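Colleague: I am new to this structure and would like to know what lies behind some of the terms used for it. Please take me through them.

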Amino acid sequence: MGVGVCALAALLGPVSSRGAGFARPDESITAGSAHHRPKARRVISLFQSGGPSQLDLFDPKPSIFRYAGADMRTMTDLGMRLTEMTRDQGYFPVVPSAFEFSPSGQSGIEISSLLPATAAIVDEICLLRAVRTHAINHDPAITFLMTGSERPGRPSAGAWVSYALGCGNDNLPAFVVLSSHGTGRTDCQPLYERLWDSGFLPARHRGTGFLPDGDPFLYLENPPGFDQSSRRFMLDMAARINSRQYHFQGDPRILDRMRNMEMAARMQTAVPELTDLRDEPASVLRRYGPDVTRRGSYAWNCLMARRLAERDVRFIQLFHTGWDQHFHLPEQLPRQCADTDRPTAALIEDLRIRGLLDDTLVIWGGEFGRTPYGQGQYRHDDFGRDHHAGCFSMWMAGGGIRGGRVHGATDELGQRAVSGVVDVHDIHATMLHLLGLDHRQLKWSDDGRDFRLTDTGGRVVHPILL
Amino acid sequence: MHWSITIPVRPSIFQGGDEGGKKISPVDFLVAKEWDLQGDGHRHGFQERASKEVLLRRASLALTGLPPAEADVESFLLDDGPGAFERMVDRFLASPAYGERMAWLWMAPARYADTDGFQRDAFRSQWPWRDWVIEAFNAGMPLDRFTTLQLAGDLVEGADESTVLATAFNRNHRLNAEAGALPQEFRVENIADRAETVATVWLGLTLGCARCHDHPHDPVTQEEYYRFFALFAGIPEKGTGLGVPAAPVQRTASPLHRTPPWIQDHLNQLEVELATAGPERRTALRIEKAELEKQLESEGFRGVPVMVMKESDNPSTVHVLRRGQYHSPDPDRPVSPGIPSMLYHPDNAPVIRNRLDLARWMVSRQNPLTARVMVNRIWQQHFGRGLVETAGNFGSGGTPPAFPELLDWLALELIDSGWDHRHIHRVILNSAVWQQASGASPAQWKSDPHNRWLHRGPSWRLDGAALRDQAMAIAGILDHDIGGPPVFPPQPEGLWKAYSDDGALTYPLSSGRDLYRRSIYTFWKRTIAPPRLAGFSGSTREKCEVDISKYDTAQQSLILMNDPVFIEAAVAWAGRLMQETSSGLHSEKRAASWIHNAWEDLTCSEPPEDIHRQLMEAWRFFLRRYQSDPEAAMEFIRADSSHSGNMEWNASTASEQAALAAVCHLVMNLEQFISLY
């Protein structure tokens, strides 16, 4: 095979360090390198799907205990965008949190007793208490957070970043997606591929899903009865005959496809090595908690996020479902937190210890928050909250973010953002900024129209930056 | 005035008197004329004609989505008479597979799917509409009628179940059933989707920009947006809910999924018997009849609910929505239905009160756009890209055509032929432009990567449907049945589970012949699209898509390398080759003839000597491998348990079939399989 393979190598040229090692038939389709000096090289997005209750986790409202159960409409205007689930309910009881908050870390940021591990790393994070969104239903709200638009068809944030910066690794995709199911509420929200789609961007920027069962990446493993030596032979022979066709046709896309076959083959070896946890010390595994060895758990995904970050994968997107506490919040929320608190904090610590936190931006949050008023019957130990777009909490850490800080505040009832308001497009703009990208310049023209992740909005939230 | 909104004018064509007295194709004339106008770089004439075999495969894949059948190959390759090529094209155009291919290409623009697309993504049953489209193309329904019925089949004179079924086009959008979703909000989203989809599919316009406010450079104003929107706002819909009962709904049987005659006969016979039977026998007959009816019902023969268009008795007035928001109608700005004023001359404003008026104007000669947009998509079907490369934007942001006269000539040819789509295919395929060889020098590829100037023939990577259907056809396992409810061919089991709400949604894998139906019948779950199909096309059917994505990815390579569907086809193909030539030759000679035949199956031509040698090298490698590990051989060929199951295995035939299957599968990873060229 020697001659053919050498000739092939000459034909394909050196492997590019950007764009996941794929050729680009048309140079104009890449955005070019960073616009300014980046603080972060990669992003880990820990998306908590369903709408985590900020009032029970991050945004304490001690003064509302005296109003508990009072009809909130007598105290404030609820606005008109209430969901169909609560808009017609007879009264809107003020519902104080069922959980204690206490000051944590050197910064003394108040964190709920449900998140002891997060409280322990609070000095690393910047808590945004006044995030706002528009949609009040899951699907459009998640789509908005992930793609900058409530309607389908736009590239996801990870796809934009892959497009702009490519991958730091030639054996793995630039944008990897891992999902897990929460135990707080198990019949909760499904996920949709549009949340990691490349939209109108070239398809190689689409997120690659990491599945909990079967092949980690779709169609990764060789078929039964077809071993690695057969694969290698098949790839070399296909390359020889395909380069012959290239010789006749001259079509550069043939070379692209040959490179893609090689990339596919490299993924076949890189992924088993990635998922093999035998090289993790027991002390590290312990830090992520007992779920860490169960593939498809949030803990396993967090560990995988660190391993992907080490391998310079550009955008690592986690999804964890189950945060939709319309009812029985005091019973469900502790389970959600038990799933996620320890692994999340372990990830931050693990990144920090390895020196990766400095250039890895970590973002934690859901698509919206939950209402300060109750949904359905209210008892102090059994209540629910509806979707709330007017204000909710997210946090960011690492990658140029100022830790141990709170940005933004909500009103006394937790109904509205009153200062330090951050819109979803501001999150996007800030994330791109830290990656060295100007959100106004990162554009793609589709069918004659320019599109941005931040659409016509987006401001970089400077006070939270180092 | 922008080029696309001037009424097309028929260019004069010089057709006669070429040296041999042979007529020049008008397509060729107009291309050459434009080259002349463009000057030096373009005056080198057409590339040589591709070989007969290449043209045969090219035509077959583009027109039917399948490789040519053996009979097509023989009759064309043996036919040296005048008009042989035209006869071949006509054969493909008359094949039922033509309607399936045309319908497949209509599905992404129509954002057709078998689920609702929001959140839990419930199943719906719009598939009789998909069958209506297949049937319309195969029956030769002219494109003006095709247009009119889909836009206004409920309003046309003599409207019936079939014409109303056509209007399902405008209900194929997503539908939100999330608890808590506001009906007013999503009713507006639904209407906007209809208006914007119709504008893109038939007019090549991106209306959406004008939804929120006027833009300085956009000729469509916000008010005009809501006038167009008003055309689609009059149906009595709730706005949210599940697709299956979402009014207005018509219970309809598919035109291609009729009760099988023998079952109908049996039912009739039961009726007759019932009339005369005694009481005891009567009870038994009634039970039998009821059970049969129940089965027919569950298999969709008795009709399923299809969302269609039907005007409300008392429609409410549409207002401009401030900032495009559903809850901010501007009471001072009510609008009546209409189309953007840039589309007509002020002295000759069409009266457009409803969708029927819209449809009539759409297919009239006063409309500058629809015929152009349609022939552009047919061109795209053959060349991979349209004459207007931005197939969804004929407006100022789009790319003007490199061959404006050719586009206009084709548009008028479409209208003057009575909107005959087959005619347009014929004029394109009978041109020297289309028949050119597709190879070119690297320098030429570099200077014109998208073949905008048509200096070479078409070449593009096949889509996911054509790749799988081709594999099954060559293997001899494709099921040619046409129409019916969607089917569930293999896909990775964990995919639906991973992203479902409770982690338990199982994929209801089909069985038997349903596993081998053409890919247009594959169940399309909108939020988790079938990976093999979406992975090669980029379309997810969440919204209207008229551009055909040609991006190549490593994921596609993994599909071709490892998807069990291709392994199964390779094993079945090997089994067929072995059965066809099993006479007592010596093993190596037998293999040489199998591989020779395999190459012919794929390319309609003999393998070049070096390729044959390389594939034989592969054969020897795989044979050694499987002879040394017979268990691996059995494991590999087990991928096809349904077709090779009746072969008699011994260790020797098993390793031979595994080796040959490995070669066949290698062939499925070659450009000659992956691409049309």
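Modeller: A cavity is a set of grid points where a 1.4 Å probe fits but cannot get out. Its volume is the space filled by probe spheres set on those points. In this predicted model, the largest cavity holds about 140 Å³ of space, and the structure has 12 cavities of 30 Å³ or more.

Colleague: Why is H7(A) called largely enclosed?

Modeller: A residue is buried if its relative accessible area is under 20%. In H7(A), 18 of the 24 residues are buried, so the rest of the structure largely encloses this helix.

Colleague: How do you know that Asp251(A) caps the N-terminal end of H7(A)?

Modeller: A polar contact needs N or O atoms within 3.5 Å. A side-chain oxygen of Asp251(A) is 2.8 Å from the backbone nitrogen of Arg253(A), so the pair is within the 3.5 Å limit.

Colleague: Why is Lys52(B) said to sit over the ring of Phe76(B)?

Modeller: The distance limit is 6 Å from the ring centre, and the charge must also lie within 35 degrees of the ring normal. The charged end of Lys52(B) is 4.7 Å from the centre of the Phe76(B) ring. Arg111(B) lies over the face of Phe169(B), 5.4 Å from the ring centre.

Technical notes
Residues are numbered from 1 along each chain as its sequence is written. Chains are lettered from A and ligands numbered from 1 in the order in which they are written. This is a predicted model: local features need pLDDT of at least 70, side-chain atom pairs count only at pLDDT 80 or more; totals for chains, interfaces and linings use all residues. Side-chain values use heavy atoms; hydrogens and water are left out. Buried means under 20% relative accessible area, exposed over 50%, partly exposed in between (1.4 Å probe, protein chains only). Helices (H or I, at least four residues) and strands (E, at least two) are DSSP runs, numbered from the N terminus. A polar contact is a pair of N or O atoms within 3.5 Å; within protein, one must be able to donate a hydrogen and the other to accept it, and residues adjacent in sequence count only if both atoms are side-chain atoms. On a 1 Å grid over the protein atoms alone, a cavity is a set of points where a 1.4 Å probe fits but cannot get out, and a pocket is an open set with protein on both sides within 12 Å along at least five of seven lines; lining residues have an atom within 4 Å of a point.
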